[in-house]
Amino acid sequence: MSAVRRSTTRATRLSSKASPYHNAVTLWEAQDIPEAGPSTLASRRSSRVKPETTDTPDLSDGDAEEGLPVTRSRKSRKKRSPAQNPGLQRSPRPSLKVWTYLTLRLERWRETYDAIAEMRSRIMAPVDTMGCDQAQLKEQDPKNQRFATLVSLMLSSQTKDEVTDAAVAKLRTAVGGSLSVEGVLAADDTTISEAIAKVGFWRRKTQYIKQTARRLHDDFQSDVPKTADELCSLPGVGPKMAFLALQVAWNLNLGIGVDVHVHRITNRLGWHERPTKNPEETRLNLQSWLPKELHGEINHMLVGFGQMLCLPVGPKCGDCALSSAGLCPSAQKGKTSKSAIRKRTLAVDFKDDSTRGPKIAIEIEMPDNLVTLPNDGNGCS
């Protein structure tokens, strides 16, 4: 019988190509290449088998007594299981997880992005009229414009835009009508605290604003610095504030400002290989594949989208174009906002007897802000 046997072997090859979404990202794909051809018993022999274990005739006891090395026959060698010899475990194939994620999940990201941009063009959100970019419009001096932008960002943390906008206006009046570094340094802590008392963590932010004004005066000639590292060195300023300040104050696009809205919405859309745990993880992942020309606008777009449609609790999926187009994996089927429900019908039945008239149906238009009180047991509802 011939020792040559035909079998099919497989080889794995990695091929690379540039990402269609960002030129700094390289995508890798693993491919199985079938190769049919003759293979002998020797060619199938494991490379881990040492040369002295090759096929040799069994030596007699006399040979061993003469001091010759005794080698075992390959047929007599017992096969060891992977559990007994970890070195025999097969190496895992290259993971296709990243490749699958980039090609399948993100293949329609641009369509999703454009759909959100189209919806935002028809929606007026609080960030459009009271965002951090609006604070500079009330100032004349360029330094004061940049400082007002930074102060607005510092006050906006865990605070709604409406409250932040009112606090900035009140603080401007309290320090002399213009929001400047010198004006903040001249004001006492009580004056600043009373002006910003409606924002979240106002006591801590009072100290941050005073300390930041002092740093800007001493180290940056009373102006906002132009690098993210210098901005993050200021008290109470993080990466989100730094990148947004650079975009608004200096028109520098050096990174994405990620707040709770951007963090929440991009995770709902599945724009991350695995859900990110905090805004900083979200920023790093988005910057790795999102085209740089979109870094400056994505925050403003998604913040307004999150304020009006993709709410933290009770998102208005029924009013969102992503849901009907199948672009949002987190869409809640059948969810319709209260604003879409304009009429409800209340039917009042009267018994048709000799003393009363026929059955009457009354249609009532219910206001959206109607509050229904629970029954207190006294016949009122």
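**View 1. Lining of the largest pocket.** The largest pocket is lined by 46 residues, and Ser156, Ser157, Lys240, Leu244 and Asp259 lie nearest its centre. A pocket is an open set of points on a 1 Å grid over the protein atoms alone, with protein on both sides within 12 Å along at least five of seven lines, and its lining residues have an atom within 4 Å of a point. The model is predicted: local features need pLDDT of at least 70 and side-chain atom pairs 80 or more, whereas totals for chains, interfaces and linings use all residues. Residues are numbered from 1 along each chain as its sequence is written, and side-chain values use heavy atoms, without hydrogens and water. Helix 11 gives the largest share of the lining, six residues.

**View 2. Thr282 in helix 13.** Thr282 lies in helix 13, residues 279–289 (helices are DSSP runs of H or I, at least four residues). Thr282 counts as buried because its relative accessibility is 0% (buried means under 20% relative accessible area, with a 1.4 Å probe and protein chains only). The side chains of Thr282 and Thr276 are joined by a polar contact of 2.7 Å (a pair of N or O atoms within 3.5 Å, one able to donate a hydrogen and the other to accept it).

**View 3. The largest nonpolar core.** Among the 37 residues of this core, Phe147, Leu150, Leu155, Leu171, Leu179, Ile196 and Leu231 touch the most other members. Such a core is a set of buried Ala, Val, Leu, Ile, Met, Phe, Trp, Tyr and Cys residues joined through side-chain atoms within 4.5 Å. Helix 5 supplies its largest share, seven residues.

How values were computed. Helix = DSSP H or I, 4+ residues; strand = E, 2+ residues; numbered from the N terminus. Buried < 20%, exposed > 50% of the residue type's maximum accessible area, 1.4 Å probe, protein only. 1 Å grid on protein atoms, 1.4 Å probe; cavity = no way out; pocket = protein on both sides within 12 Å on 5 of 7 lines; lining within 4 Å.
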